[in-house]
Amino acid sequence: MKKVERINTMMRYINNRAHFTISELMREFNISRSTAIRDIREIESMGMPLVAEVGRDGGYFVMNNSVLPTVRFTDNEIKALFIAFMATRNQQLPYLKSRQSLAEKLLGLISENQQDDLVLLNQILLFEGTNPNNPDLLDLTDLPHPMLENLIQILLSDRYLWVSIKENKEIKSYPIYLLHLYREKSMWHIEAFDLEEEKRRILPVDNLTAVKPYPAKKRVSGKKILELLNKQEEVSNLVLELGPKAISQFKKYHPLKFSISYTNPFQTTAILKTFIHLDHSEELTEAIDWLLFLGRDIKVRQMPEEVLKGLQERLSLFSP
């Protein structure tokens, strides 16, 4: 670890502890006693108010109500931050204005040479959301759905919600316990437990019209919700063995609810077990499309007839 990185990490380590000793720093950072002492003196010179305690069990502690000195970023940390910005452009992520102001502040903290490096990286690196005709570091124009930030703000304090959704030109309301908020196929979705019908429900954020907390007196405990969901777990009706090529395809894209279990330590074979709702035409079609995307490096252990028939019909289109 370079000295600047070590000093920054050590400052965070110290600030998160009520008390520390030279020996603890030596073990944590794998450094000599003399190096630890020099680092402490440098940290003190940067403005962190450390108080030394004498005696056999003596050490150091940070003076109460102290504030960490200005954070310094290494070149690689700066590159990592901006590559993350580049990779997530046009992803409809929340807090767009905050991301823009954060990018501007970070640019103001770095040297001209570091800024030149970022400009060059921005010209060279292309991601799914990059517009090659307008590669601008601060061009974050991917506005999310206007309800998304409001939803996040509410659920941070309360996951029991009353949501209103537009469905087929009608507004329907559901009392829910939010399990997850996730993004799939460029769309944000709510995975929730319906408190009235006592079942799992997926709701598109794009169709949200209103969100508010659900009355406390009508709530079901989180423990009870998990018990009900566990009882409703569907038995797998699609079981596949995946070889290395299929695993590679799986990593490129897979439906959110699909997961694999590796069957050897080299992660070259795996098992996929999932449930396909055969009465949901959209889910059935998506499953067939995805199985074709996986390719030939799979072995079928179990597959519903509807899925098999759909695959055969799709493959027959390519037969001479």
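Start by selecting Leu240, Leu242, Phe250, Leu272 and Leu291: among the 20 residues of the largest nonpolar core, these touch the most other members. A nonpolar core here is a set of buried Ala, Val, Leu, Ile, Met, Phe, Trp, Tyr and Cys residues joined through side-chain atoms within 4.5 Å. Now colour strand E8 (238-242), helix H9 (244-252), E10, helix H10 (281-294) and helix H11 (305-316), the elements that each give two or more residues to this core. H10 gives the most, with 6 residues. (Helices, H or I, have at least four residues and strands, E, at least two, as DSSP runs numbered from the N terminus.)

A quick note: this is a predicted model, where local features need pLDDT of at least 70 and side-chain atom pairs count only at pLDDT 80 or more, while totals for chains, interfaces and linings use all residues. Residues are numbered from 1 along each chain as its sequence is written, and side-chain values use heavy atoms, with hydrogens and water left out.

Next, show the open sheet: 4 strands in the order E9-E10-E8-E11, with antiparallel pairing. Strands pair if DSSP finds at least two bridges between them. E9 (260-262) and E11 (298-302) are at the edges with a single partner strand each, so one side of each has no neighbour in the sheet.

Zoom in on E9 and E10, joined by 3 bridges. Tyrosine 262 has alanine 270 in E10 as its bridge partner.

Last stop: threonine 274, in strand E10 (residues 270-274). Buried or exposed? Threonine 274 counts as buried because its relative accessibility is 7%, and buried means under 20% relative accessible area (1.4 Å probe, protein chains only).

Technical notes. Buried < 20%, exposed > 50% of the residue type's maximum accessible area, 1.4 Å probe, protein only.
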